[in-house]
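Please load the model in your viewer and colour it by chain. The tour below goes selection by selection.

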There are 2 protein chains.
Amino acid sequence: MLLNRRGVELTVEERGLLEGAITEVREFEPRKTIVEAGERVSISTILIDGILCRYIDDRKGLRQLVSVHVPGEFVDIHAYPMRHLDHGVGTLTAASVAIVPHEALKQILDPRPELARKLWFSTLIGAAMHRAWLFRVGRLDAVGRVAHFVCEMGVRMAGAGLSDGKAFHLPLTQSDLAEICGLTTVHVNRVIRQLREAGLCIFRPPFVEILDAAALARRGDFDPSYLYVDGP
Amino acid sequence: MLLNRRGVELTVEERGLLEGAITEVREFEPRKTIVEAGERVSISTILIDGILCRYIDDRKGLRQLVSVHVPGEFVDIHAYPMRHLDHGVGTLTAASVAIVPHEALKQILDPRPELARKLWFSTLIGAAMHRAWLFRVGRLDAVGRVAHFVCEMGVRMAGAGLSDGKAFHLPLTQSDLAEICGLTTVHVNRVIRQLREAGLCIFRPPFVEILDAAALARRGDFDPSYLYVDGP
DNA sequence: CGAACGTTTGAGATGACTCAAGCGTTGTGG
DNA sequence: CCACAACGCTTGAGTCATCTCAAACGTTCG
């Protein structure tokens, strides 16, 4: 179940190499900081279970999430050539995380340009998601933003084998959604009600049910091609 | 002057290799589409002169810019392992662009993991900028967004040798700023006035003058570390 | 039982948007 | 050389989406 990120097809050998580089599996409680913004990091991680997020805080402590991670994703490869982070990383739910030291990664990747390119591509999907998130908060209204996010999570959860396409586990609070969508918690609450009353989707924590996927995608101006579900 | 992206130190040999792979230099008029969203691309480009942007349009044609490029940047390397684009690319001003075919890039990078890692890192700076842009449109008010963007461009233009730190050429219209900051053109106009009246910066098209860099950065909650001015 | 947390609802304030018009500059064609 | 179209900038008035502040409710957990 490791390393299932869409668009990246690893060979059995490559997968074995990467999984063999895991030195440790660490467990985190919900809402814990894993890496502070600005820290130097010397490890990459594979998310085994739970939901992680990356975030940027303003001077007053208001937080903007810039991405979330679902199980199976290689989380910090982008930190491999990067070394110090421009954002924080934390858990939203309890999470279990496999650790891969950068040094081991270097040993594996240097003689394998093809594998390095696959991992590079995997970081580029992350960048494509950033762009979609920018579109979401820059151009959509409140209802559209939440609708767009639910659509994205639906597709990603299905890709991780965690959704049948109709309903899935989404253990986020309304404040989390607010920090994702650039809204206030109170307003997210009202938006959720509108989505329910419009028959688009229903939040029944910790689950979401999509009632009308086509209408939801239309409301959120959602086009899944940035997720590269069918490969590059 | 090519390939000056901050945080990426290329050796003379590496620089020569990449510049030797240029097959053509193309000129574009202002406000022209270079690549449509969804197109397959088989080239990367180095921006020699002018300003490029990437954008995502909604169904009604409203546009969100997701990045801008200044001269010296390797623009489309991320498209190298990607092949089809989740966004459009176009000119804001007249621009001249050097073309590097992906095939040539592959020949150069496959035997040079160190260089590949540098270019990889360069795409990661792009991702870090996306995150900063997300913070900008998700958490800042209108004045803060424009202030933040001016700060970013100040630093990047200085990095490209195109600013003395006080004033620089920024040939963008107020509509461009609106599409960058997730605002309307009319409101950008009022924001610009507020910035002027507050003594933070003055727009005198096509130039911006920063009057009080510290106050501007504070107003825009701007922290330049994501630009990796001093390397990874 | 009470504290902590997430959710829900209401009332009022406000930042940003919409629509509309006017102004200045540039470029073009009669 | 003037007239006018095109474009970007500026300003005003009114509207609306979202925020702020405040309070209450239901669970869960100790």
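Predicted model: local features only at pLDDT ≥ 70, side-chain atom pairs only at ≥ 80, totals over all residues.

**Stop 1: the interface.** Select the residues of chain B in contact with chain A: there are 54, and they touch 54 residues of chain A. The two chains bury about 4,700 Å² between them, with 61% of it on carbon and sulfur atoms.

Stop 2: Eight salt bridges are found across the interface of chain B and chain A. To see a salt bridge, show the side chains of Asp221(A) and Arg59(B), which meet at 3.8 Å, N to O.

**Stop 3: the elements on the chain B side.** Select β4 (52-57), β5 (63-69), α2 (102-109), α3 (113-139), α5 (174-181) and α7 (213-219) of chain B; these give two or more residues to the side that touches chain A. The largest share, 20 residues, comes from α3(B). By type, the residues of this side are 28 nonpolar, nine polar and 17 charged.

**Stop 4: a sheet in chain A.** Show β1, β7 and β3 of chain A, an open antiparallel sheet of three strands in the order β1-β7-β3. β1 (24-28) and β3 (43-49) of chain A are the edge strands. From one strand to the next the twist averages 30 degrees. β3(A) pairs with β7(A) (residues 95-101) over six bridges, and Ile46(A) stands opposite Ala98(A) in β7(A).

**Stop 5: the helix across the sheet.** Finally, select α2(A) (residues 102-109), which lies across β3 and β7 of chain A and runs at about 60 degrees to β7(A).

Methods
Residues numbered from 1 in each chain as written. Chains lettered and ligands numbered in written order. Heavy atoms only, no water. Contact = heavy atoms within 4.5 Å. Buried area = accessible area lost by both parts, 1.4 Å probe. Salt bridge = Lys/Arg side-chain N within 4 Å of Asp/Glu carboxyl O. Helix = DSSP H or I, 4+ residues; strand = E, 2+ residues; numbered from the N terminus. Nonpolar A, V, L, I, M, F, W, Y, C, P; charged D, E, K, R; others polar. Pairing = 2+ DSSP bridges. Axes fitted to C-alpha atoms, helices over the stretch in contact; angles between N-to-C directions.
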